[in-house]
Amino acid sequence: LSSSSSSSSFLDTSTVIALTVFFALLCASIIIGHLLEENRWANESITALLLGLCCGVVVLLISKFQSSRLLVFSEDLFFLYLLPPIIFNAGFQVKKKQFFKNFTTILLFGVVGTVISFCLISLGAYLLFKRIGVTSLDIQDYLAVGAILSATDSVCTLQVLNQDETPLLYSIVFGEGVVNDATSIVLFNAVQSLDISNIDLLTALKLLGTFLYLFFTSTALGIAAGLISAYIIKTLYFGRHSTDREVALMMLMAYLSYMLAELLNLSGILTIFFCGIVMSHYTWHNVTESSRVTTKHAFATISFIAETFIFLYIGMDALDIDKWRSSKASPGTSIAVSSTLFALVLVGRAAFVFPIANITNCIKKRPSTKIELWKQFIIWWAGLMRGAVTIALSYNQFANSDKTLTEDSALMITSTIIFVLFSTVVFGSITKLLIEAVLLRNAKPANSDATDIPSLDDLQILFLENGDPSDQGGSNEPARRKGSLSLLISNPTSTVHYFWRKFDDKFMRPVFGGRGFVPFVPSSPTGAAD
């Protein structure tokens with residue numbers, strides 16, 4: 001007896017039960033996900049979500065509809081432990097050439113697009129909610145709804161799109177997802193600290209200034225963390241003693257960059273994403289061959305477990321009976337609010353995807369880099385999914401405030417949960433099929449988007465042609481001098497890439513290492529980080 005009481009004194013039984021259930025469900029969703037691998041409808045996130053829902057129902061029945069809470073949805077757990085490994089791995093595995101080739105488009109979608117979406121959703125919520133019967137929300141709540149619903153779900157997007165089959169679409173949708181998450185969190189925090197009684201043009205400019213400051217400082221911090229880790233591992237050469245230390249240092253430096261960003265009130269998502277990109281470019285090449293294989297798979301595995309955990313968590317938390325009881329709304333009102341949110345998200349996303357894509361198409365000269373209408377449609381569709389960031393922000397706004405949980409606040413949380421479940425299950429399952437159908441119809445353009453990029457050799461030839469005096473007469477002297485500048489204007493992305501490679505080879509790699517640093521040539525994993 002004494003032994004059992006002493007064992008329970010430092011371990012809370014309910015926590016142990018909750019974790020046991022969660023790990024059993026994680027195993028189950030991985031096994032079911034494997035069995036459904038060939039299935040065109042299902043993916044891992046939907047499997048985990050539905051399993052979480054089923055488990056929530058079972059707990060509800062066991063507790064006789066008293067509570068379905070095994071674990072309370074905690075923003076700390078989500079933002080501090082589950083999100084960082086997912087975003088870091090995405091940066092670590094992303095195809096850098098493709099990502100930076102579309103960097104301007106990604107920034108336009110992720111920043112300008114999110115702001116347009118935020119304005120439209122806030123305005124729509126303000127005009128429509130009172131008609132449905134939601135009356136107790138103030139201006140700050142409406143603005144918060146705009147910020148909450150502007151956050152797309154980059155986790156689910158990762159599982160639906162394939163980096164190898166549709167590189168252009170993947171880099172745009174995923175890159176936009178990361179920048180968008182960061183933007184909507186910045187917007188949300190700005191709304192929280194906004195003085196509603198005194199809004200003018202200066203406030204908007206301050207908001208823009210804050211955002212630019214956060215964007216650049218967060219990115220710089222991530223790049224700095226990646227470069228420091230590369231320099232330490234290159235100069236100290238850990239691999240001669242212990243490969244475990246190399247792997248541990250990479251993981252801890254990446255996590256440290258995220259925590260530092262949060263400590264300094266910057267955007268941890270952007271910081272750890274760029275840290276992942278820099279680490280895959282420099283640090284990864286500085287470690288021993290066995291560490292390369294280990295890090296590549298370890299990061300992917302941790303990220304995968306965190307993704308599955310998030311969807312299980314959302315599924316189980318959706319049936320939190322207290323929230324549903326507090327809202328006291330009829331099913332009709334709940335559906336009306338959820339449908340309104342859904343319509344606002346559809347319109348808000350369409351309002352920026354199609355115009356911005358067409359504006360970038362006017363600027364781009366090469367047909368292969370243009371975003372055709374079918375690609376625009378998939379970008380619009382894939383970004384309609386909402387996930388854990390949306391739920392975490394809505395809890396923060398409506399459940400964690402000092403005031404008690406009002407009926408309308410509870411209604412907003414339950415409507416957000418309905419919307420997240422619906423969008424993940426419905427859009428997540430249809431997107432795969434949609435992409436397959438569209439790819440079949442547009443097979444040729446899809447295959448050409450990776451092959452039309454001018455290689456470095458082509459660029460060097462262009463440089464030579466522009467600067468070779470034997471080709472041109474003396475009258476063309478000024479035009480020849482402007483060769484590299486005109487090339488930069490006509491073909492900016494490739495030219496910047498060319499100059500970056502020269503700068504990288506001459507200045508960065510001697511200091512920070514990178515490809516070709518380790519004396520022996522690694523065999524299998526080298527192709528991963530191009």
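In this predicted model, the axes of helix 6 (residues 103-132) and helix 9 (residues 167-192) come within 8 Å. They cross at roughly 40°. Helix 6 is therefore oblique to helix 9, since angles under 35 degrees would count as roughly parallel. The crossing of helix 6 past helix 9 is right-handed. On the helix 6 side, the contact is formed by Thr 105, Ile 106, Leu 107, Phe 109, Gly 110, Val 111, Thr 114 and Phe 118. Helix 9 contributes Ser 171, Ile 172, Gly 175, Glu 176, Val 179, Asn 180, Thr 183, Ser 184, Leu 187 and Val 191. By class, this contact of helix 6 with helix 9 comprises 9 nonpolar, 8 polar and 1 charged residues.

Both helix 6 and helix 9 also pack against buried residues of helix 7. Helix 7 spans residues 139-149. Of its 11 residues, 9 are buried, so helix 7 is largely enclosed by the rest of the structure. The buried residues are Asp 141, Tyr 142, Leu 143, Ala 144, Val 145, Gly 146, Ala 147, Ile 148 and Leu 149. Further packing partners of these residues are helix 15 (331-363), helix 17 (388-398) and helix 18 (407-441).

The axes of helix 10 (residues 201-236) and helix 11 (residues 243-263) come within 10 Å. Their crossing angle is roughly 155°. Angles over 145 degrees count as roughly antiparallel, and helix 10 and helix 11 therefore fall in that class. Helix 10 passes helix 11 in a right-handed sense. From helix 10, the contact involves Leu 221, Ala 225, Ile 228, Ser 229, Ile 232 and Ile 233. From helix 11, it involves Glu 246, Leu 249, Met 250, Met 253, Ser 257, Leu 260 and Ala 261. The contact of helix 10 with helix 11 divides into 10 nonpolar, 2 polar and 1 charged residues.

Asp 504 lies in helix 23 (residues 492-512). Its relative accessibility is 0%, so Asp 504 counts as buried; the cut-off is under 20%. With residues up to four places away in sequence left out, Asp 504 touches His 281, Tyr 282, Arg 509 and Pro 510.

Definitions and conventions:
Residues numbered from 1 in each chain as written. Predicted model: local features only at pLDDT ≥ 70, side-chain atom pairs only at ≥ 80, totals over all residues. Heavy atoms only, no water. Axes fitted to C-alpha atoms, helices over the stretch in contact; angles between N-to-C directions. Helix = DSSP H or I, 4+ residues; strand = E, 2+ residues; numbered from the N terminus. Parallel < 35°, antiparallel > 145°, perpendicular 65-115°, else oblique. Left-handed = near helix turned anticlockwise from the far one by under 90°. Contact = heavy atoms within 4.5 Å. Nonpolar A, V, L, I, M, F, W, Y, C, P; charged D, E, K, R; others polar. Buried < 20%, exposed > 50% of the residue type's maximum accessible area, 1.4 Å probe, protein only.
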